[in-house]
Amino acid sequence: MIRMEQRVLGRTGREVSVVGLGTWQLGADWGDVAESDALAVLDASVESGVTFFDTADVYGDGRSERLIGRYLKERPDAEVFVATKMGRRAEQLPENYVLDNFRAWNDRSRAHLGVDTLDLVQLHCPPSPVYASDEVFDALDTLVAEERIAAYAVSVETCAEALTAIARPGVASVQIILNPFRTKPLEEVLPAARAAGVGIIARVPLASGLLTGKYTKDTVFAADDHRAYNRHGEAFDQGETFSGVDYPTGLAAAAEFARLAPAGATPAATALRWIIQQPGVSSVIPGARSVEQARANSAAAASEPLPGPVLDAVRELYDRRLRAAVHPRW
């Protein structure tokens, strides 16, 4: 088993691998992934040094959580910190973010993962008013006191939501979209989190695969893949698909980005390395649908740091091609 760099995940006080594993794709919305393939991805990640899995109670209606629970039961030697999410099992209204619902959702996740206490529970991109509700965070404190959860956090869509959450003393970490096509969090969110001791989990690190450089205008995504049905936010926040960048603009930018990759490095590894180097990032959580992808993602943790000229070129690319293309909401 490879030893990967570990970083403290904010106020949890726990160390996690700098490259984790996002497991949305093992549940749903990325095309079909067979159970055997999903378990193989989890195992390849652990063997490659990953000690952090990120999931949610709605990924495949709990399938992702159940697969992780099964894997960890079969691999008791795997020391993995598991972060899950809650809040998307009800209509997205602030009044649904109450203690009774939290307990019910937690009980379901604890059963799926086979644990008494959840390592970390994140509010799953709730309505913006939730972040300003004292009652919501009092309820989260109650869950910690009841030992249902060890710590709580938030997964956000906007920088404004992130900054509001960081000001809450009990929030352990913030999960936010961060990649070379979505750099706004670098301006205020990462510095504020660093100053407050709050961890940063970087999601959608490859811009839904655009940053791999593998897609073209002729690529066809499966009907059950969000990259086919959510390009304009038809099902959930548009920012979750291609980082909110329209597909043709993203393809053109991805072609330029690929040319910035150092000799011997893939565009995907370059994107992950760029995120790892941002001060304040605790862990980046690329997804993987195959053993090969899982190993390649993990290997980015040990790659050489990107030199200054490459970092400058990434910033110039964003400013020239993408800043105006990203929705003002983000």
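Reply: Axes here are lines fitted to C-alpha atoms, for helices over the stretch in contact, and angles run from 0 to 180 degrees between N-to-C directions. Helices (H or I, at least four residues) are DSSP runs, numbered from the N terminus. The model is predicted: local features need pLDDT of at least 70 and side-chain atom pairs count only at pLDDT 80 or more, while totals for chains, interfaces and linings use all residues. Residues are numbered from 1 along each chain as its sequence is written, and side-chain values use heavy atoms, with hydrogens and water left out.

Helix H1 (residues 35-47) and helix H10 (residues 291-299) have axes that come within 8 Å and cross at roughly 25 degrees. H1 is therefore roughly parallel to H10 (angles under 35 degrees). On the H1 side, Ala-40, Val-41, Ala-44 and Ser-45 make the contact, and on the H10 side Val-291, Ala-294, Arg-295 and Ser-298 (heavy atoms within 4.5 Å).

Gly-239 is buried, with a relative accessible area of 0% (buried means under 20%, with a 1.4 Å probe and protein chains only). Not counting residues up to four places away in sequence, Gly-239 touches Ile-177, Arg-182, Gly-244 and Trp-330. The C-alpha atoms of Gly-239 and Ile-177 are separated by 8.1 Å, with the two residues 62 apart along the chain.

Glu-256 lies in helix H8 (residues 247-258). Glu-256 is also buried, at a relative accessible area of 15%.

Key:
Helices (H or I, at least four residues) and strands (E, at least two) are DSSP runs, numbered from the N terminus. Buried means under 20% relative accessible area, exposed over 50%, partly exposed in between (1.4 Å probe, protein chains only). Angles under 35 degrees count as roughly parallel, over 145 as roughly antiparallel, 65 to 115 as roughly perpendicular and the rest as oblique.
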